[in-house]
Amino acid sequence: MRIEIVLLFLLMTLLGAGGSLLLKIGGKNLKISLSLFFNVALMCGGFLYFLSALLNIYLLKFIPYTIFLPLTAITYCWSMLLAKLYLKEVITWQKICGMILIISGISGLAIG
């Protein structure tokens, strides 16, 4: 697989994780009102999700779907790291084990 496709894939998963983080931050004290449309974190999170979706559509041309979809699990790893950095969430041993399983599965798909 070409390196630019791999890098775009990693960017796609990182954008998805970043979008999720911003939606969580934006929704923290969210009240359903007109202020919903002026919530910068929500708008940026939605925009990152949109960019991730565009990359997803583009990358599907180059990666078989049966490989592509399982590989998107790397988004969970990014999400955990971003939550630790920006939300000060605790990374437990169970989460580390889950990340190891995800990376092992991805490695198995990439090699096979």
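This is a predicted model: local features need pLDDT of at least 70, side-chain atom pairs count only at pLDDT 80 or more; totals for chains, interfaces and linings use all residues.
Local features require pLDDT of at least 70 and side-chain atom pairs count only at pLDDT 80 or more, while totals for chains, interfaces and linings use all residues. Residues are numbered from 1 along each chain as its sequence is written, and side-chain values use heavy atoms, with hydrogens and water left out.

**View 1. Helix 4 and its packing partners.** Helix 4 covers residues 74–87 (helices are DSSP runs of H or I, at least four residues, numbered from the N terminus). Its 14 residues should span 20 Å at 1.5 Å a residue, counting one less than the number of residues; the end C-alpha atoms lie 19 Å apart, which agrees. I74, T75, C77, M80, L82 and A83 are its buried residues (buried, under 20% relative accessible area; exposed, over 50%; partly exposed, in between; 1.4 Å probe, protein chains only). These buried residues pack against helix 1 (3–26), helix 3 (65–71) and helix 5 (93–111), contact being heavy atoms within 4.5 Å. Just after helix 4, K88 adopts a positive phi of about 60 degrees.

**View 2. The cysteines C77 and C97.** The model has 0 disulfides, a disulfide being a pair of cysteine sulfur atoms within 2.5 Å. The closest cysteine sulfur to that of C77 belongs to C97 and is 12 Å away, too far for a bond. C77 counts as buried because its relative accessibility is 5%, whereas C97 is partly exposed, with a relative accessible area of 43%.

**View 3. I3 in helix 1.** I3 lies in helix 1. This residue counts as exposed because its relative accessibility is 56%.

Terms used. Helices (H or I, at least four residues) and strands (E, at least two) are DSSP runs, numbered from the N terminus.
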